[in-house]
Amino acid sequence: MALFLSPTRIREFEQCPYRYQLSTSKPVRELWSKPRSYFTFSNILHAVLRDLYRKGGPSHVDWNWVQARYRLQWRGLDPIGSGFASRDQAKDSYHEGLALLQRFYEGNRQEPARAEMVEKSLEYQSEDAQLFGRLDRVDRLPDGGVEIIDYKTGRYRLDEEAVGRDWQMNLYGLLVHDALKPPQITLSLYYLREGAKVSVPMLRDPEEVRQDLADIALIIGTTDDFTPTPNRFCRFCDYAPLCPVGPQLERPSQDLVGKVERTLEFLPENRYLQQKLEAMRRHLTLAGEGGSTEPLAAVPSHLAEAATAPPVPMS
């Protein structure tokens with residue numbers, strides 16, 4: 001049976017197999033996923049840009065329409081329920097997003113309408129893998145080639161060499177190659193905060209990318225090693241309370257223990273969940289008997305450096 005994959009799932013496996021294993025279980029994902037302000041902010045901007053290019057882009061749409069569409073995306077939004085720390089933080093993000101959109105609009109107002117795909121979902125199926133990807137935009141260029149454009153709202157920026165190697169962009173290139181058969185493909189990341197685009201030609205042969213996909217599908221599909229791997233993204237992980245070596249350790253409450261117990265019902269053979277649950281129960285027992293009320297043991301020293309490295313802002 002083909003393994004269902006996406007660029008996000010592949011990235012999760014490479015960063016931490018344990019996180020990948022937890023996130024591929026829908027009940028576990030629904031139990032632990034939390035709203036994040038940066039995802040809300042990014043989703044709103046992506047939605048407005050999607051609607052803008054479905055109407056032809058800045059050269060075909062008045063700025064007042066863009067503002068109105070942006071306001072509608074925010075109307076009725078619950079700031080706390082959407083991951084913001086406060087209404088003031090949400091208000092600041094609103095004004096920041098509007099400024100980013102205006103700069104984007106002004107910078108692209110003279111560009112002709114070239115979008116051939118806007119927020120398009122594409123799939124590739126083989127015996128090994130079923131690849132799914134959603135592309136922000138694909139433009140048809142005057143020379144017949146295409147440009148894959150992926151919007152980024154984070155502050156972390158890749159250089160041209162890194163864009164050319166990027167897993168996500170090359171997988172998108174494979175999907176577009178199979179769907180449109182263009183003579184050449186350009187890979188572009190558009191950094192909305194800077195109003196700058198980094199573009200490189202797709203140098204990798206799509207058949208090489210196809211083979212890499214088959215290889216990673218084989219590795220993921222046959223492994224039984226989902227070892228937790230602390231890294232600089234741990235502080236953003238929704239599953240940190242489930243991780244036996246994660247940096248976000250806390251005094252366990254009975255409610256948290258019950259939540260872990262429910263999670264274990266979905267993944268009964270997961271030894272790392274079992275270890276975490278046993279540690280929490282021991283801690284509660286000791287606290288109930290007047291023993292230690294200190295937080296659970298910290299990250300092992302040889303893993304601490306990776307787990308507490310400076311974060312890379314999310315895109």
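Leaving out neighbours within four places in sequence, Ser23 is in contact with Glu12, Arg29 and Tyr239 (contact means heavy atoms within 4.5 Å). This is a predicted model, in which local features need pLDDT of at least 70 and side-chain atom pairs count only at pLDDT 80 or more, while totals for chains, interfaces and linings use all residues. Residues are numbered from 1 along each chain as its sequence is written, and side-chain values use heavy atoms, without hydrogens and water.

**Overall make-up**

- The protein has 12 helices and 6 strands. These are DSSP runs numbered from the N terminus (helices are H or I, at least four residues; strands are E, at least two).
- Of its 315 residues, 47% count as buried. Buried means under 20% relative accessible area, exposed over 50%, and partly exposed in between (1.4 Å probe, protein chains only).
- Among contacts with a separation of 6 or more, 69% join residues 24 or more positions apart.

**Helix 1 and helix 2**

- Ser23 sits in helix 2. Ser23 is buried, with a relative accessible area of 7%.
- Helix 1 (residues 7–15) buries Pro7, Ile10, Glu12, Phe13 and Gln15.
- The buried residues of helix 1 pack against strand 1 (3–5), helix 2 (17–23), strand 3 (129–140), helix 8 and helix 9 (206–222).

**Helix 1 against helix 8**

- The two helices pack at an angle of about 145 degrees, with their axes 9 Å apart. Axes are lines fitted to C-alpha atoms, for helices over the stretch in contact, and angles run from 0 to 180 degrees between N-to-C directions.
- Their crossing is right-handed. A crossing is right-handed if the near helix is turned clockwise from the far one by less than a right angle, and left-handed if anticlockwise.
- Helix 1 contributes Pro7, Ile10, Arg11 and Glu14, and helix 8 contributes Trp167, Gln168, Leu171 and Tyr172.
- By type, the residues of this contact are 5 nonpolar, 1 polar and 2 charged. Ala, Val, Leu, Ile, Met, Phe, Trp, Tyr, Cys and Pro count as nonpolar, Asp, Glu, Lys and Arg as charged, and the others, Gly among them, as polar.

**Helix 5 against helix 6**

- The axes of helix 5 (residues 63–74) and helix 6 (residues 87–108) come within 11 Å and cross at roughly 155 degrees. That makes helix 5 roughly antiparallel to helix 6 (angles over 145 degrees count as roughly antiparallel).
- Helix 5 passes helix 6 in a right-handed crossing.
- From helix 5, Trp63, Val66, Gln67, Tyr70, Arg71 and Trp74 take part; they meet Ala90, Ser93, Tyr94, Gly97, Leu98, Leu101, Gln102 and Tyr105 of helix 6.
- This contact divides into 9 nonpolar, 4 polar and 1 charged residues.

**Nonpolar cores**

- The largest nonpolar core has 35 residues, of which Leu5, Leu135, Ile148, Leu187 and Leu213 touch the most other members. Such a core is a set of buried Ala, Val, Leu, Ile, Met, Phe, Trp, Tyr and Cys residues joined through side-chain atoms within 4.5 Å.
- Helix 8 (residues 167–180) gives the most to this core, with 6 residues.
- Not counting residues up to four places away in sequence, Leu213 touches Leu5, Ile10, Tyr124, Ala129, Leu131, Trp167, Leu171 and Leu174.
- Another core, of 25 residues, lies apart from it and includes Leu45, Leu52, Tyr70 and Ala90.

**Pro201**

- Pro201 is found in strand 6 (residues 196–201). Pro201 is exposed, with a relative accessible area of 51%.
- Beyond its neighbours within four places in sequence, Pro201 is in contact with Ile185 and Thr186.
- Pro201 and Ser188 are 13 residues apart in sequence and 8.6 Å apart in space, C-alpha to C-alpha.

Conventions:
Angles under 35 degrees count as roughly parallel, over 145 as roughly antiparallel, 65 to 115 as roughly perpendicular and the rest as oblique.
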